[in-house]
Amino acid sequence: MCSSDLAANQELRVAAARITEARAEARVAAADFFPNVDINARGQRNRTSNTLPFQKGQLIGSNPFAGAVAGGAASSNQPVVLVNQPLTTTQNDFRVPADLNWEIDLFGRVRHTYAAARAEAEGATADYRAMHLSVTANVAATYFMLRSADAEEAVLSEAIKSRREGLRIAEERLQAGLTSELDVVRARADLAANEAANLELERSRGEMENAIATLLGQPASDVRIAHRALDQGPPSVRAGIPSELLERRPDVAR
């Protein structure tokens with residue numbers, strides 16, 4: 001079994017996503033070693049219109065040709081109003097404020113935060129490996145159970161053949177008057193018991209197939225394992241394995 005066979009397992013995909021998340025958080029923590037520049041650029045464009053009432057009535061100064069006021073005295077303080085004066089203007093305002101921050105890591109806060117984030121990422125990787133080990137172990141255990149069921153089914157098939165032959169002989173002996181009907185009933189009961197055990201074994205085998213499909217993240221209808229008795233035993237484990245091998249366990253590494 002290779003890793004691609006387990007690529008669709010949902011629990012492994014969640015664990016892999018947690019590794020990506022933890023590594024991203026470690027990169028965010030590492031960014032505190034460098035200066036932080038915050039730029040908030042913005043621009044604004046304004047245009048005044050000459051069609052508004054205020055612009056139409058804009059005062060432009062005194063009128064030297066104003067007529068005489070009441071009493072015959074001339075006045076030069078009367079303002080001039082140009083109704084159609086073109087006062088349309090456009091203004092552009094651009095601002096690029098920049099804020100530079102840089103924390104000098106005198107007391108090791110940034111270093112320790114980054115080390116903790118890296119440890120979390122390594123722990124997430126160990127969790128993924130532990131999940132991968134658990135899934136593969138369950139697949140292997142279920143597979144060996146399924147092959148054991150195949151071997152048992154082969155034995156039952158031979159037993160059913162023998163029971164049917166025994167029933168045939170019992171029926172012939174009954175017809176020849178050499179035995180009683182009780183022997184025939186017993187032979188039929190033994191055959192029915194073996195056939196019922198075979199059906200139960202088939203049901204159990206189907207559940208094992210569905211379990212393997214679930215572990216592989218595949219629909220149960222897409223996983224079909226051919227019937228075949230296991231022709232080899234599990235590998236032998238020698239005695240005296242050093243205890244340092246326990247450190248290879250992902251949960252211990254975590």
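In the predicted model described here, Arg 147, Asp 150, Arg 205, Glu 209 and Arg 224 are joined in a network of salt bridges, a salt bridge being a side-chain nitrogen of Lys or Arg within 4 Å of a carboxyl oxygen of Asp or Glu. As the model is predicted, local features need pLDDT of at least 70 and side-chain atom pairs count only at pLDDT 80 or more, whereas totals for chains, interfaces and linings use all residues. Residues are numbered from 1 along each chain as its sequence is written, and side-chain values use heavy atoms, with hydrogens and water left out.

Leaving aside residues up to four places away in sequence, Glu 209 touches Leu 146, Val 223, Arg 224 and Ile 225, contact meaning heavy atoms within 4.5 Å.

The structure holds 14 salt bridges. One of them connects Arg 188 in helix α4 with Glu 171 in helix α3, at an N to O distance of 3.3 Å. Both residues are partly exposed, Arg 188 at 46% relative accessibility and Glu 171 with a relative accessible area of 29%. A further salt bridge pairs Arg 109 with Glu 103, the closest N and O atoms lying 2.7 Å apart.

The largest nonpolar core comprises twelve residues, among them Leu 146, Ile 212, Val 223 and Ile 225; such a core is a set of buried Ala, Val, Leu, Ile, Met, Phe, Trp, Tyr and Cys residues joined through side-chain atoms within 4.5 Å. Helices α3 and α4 (181-216) each supply at least two residues of this core, and the largest share, five residues, comes from α4. A second, separate core of six residues includes Ile 160, Ala 170, Val 184 and Ala 187. Ile 160 belongs to helix α3 and is buried, with a relative accessible area of 8%; its contacts, not counting residues up to four places away in sequence, are Leu 191, Asn 194, Glu 195 and Asn 198.

Helix α3 (residues 109-175) has 67 residues and reaches 97 Å from its first C-alpha to its last, close to the 99 Å expected, the expected span being 1.5 Å times one less than the number of residues. Just after α3, Gly 177 adopts a positive phi of about 75°.

Overall, the protein chain contains five helices and six strands, and buried residues account for 20% of its 254 residues. Of the contacts with a separation of 6 or more, 75% are between residues 24 or more positions apart.

Note on methods:
Helix = DSSP H or I, 4+ residues; strand = E, 2+ residues; numbered from the N terminus. Buried < 20%, exposed > 50% of the residue type's maximum accessible area, 1.4 Å probe, protein only.
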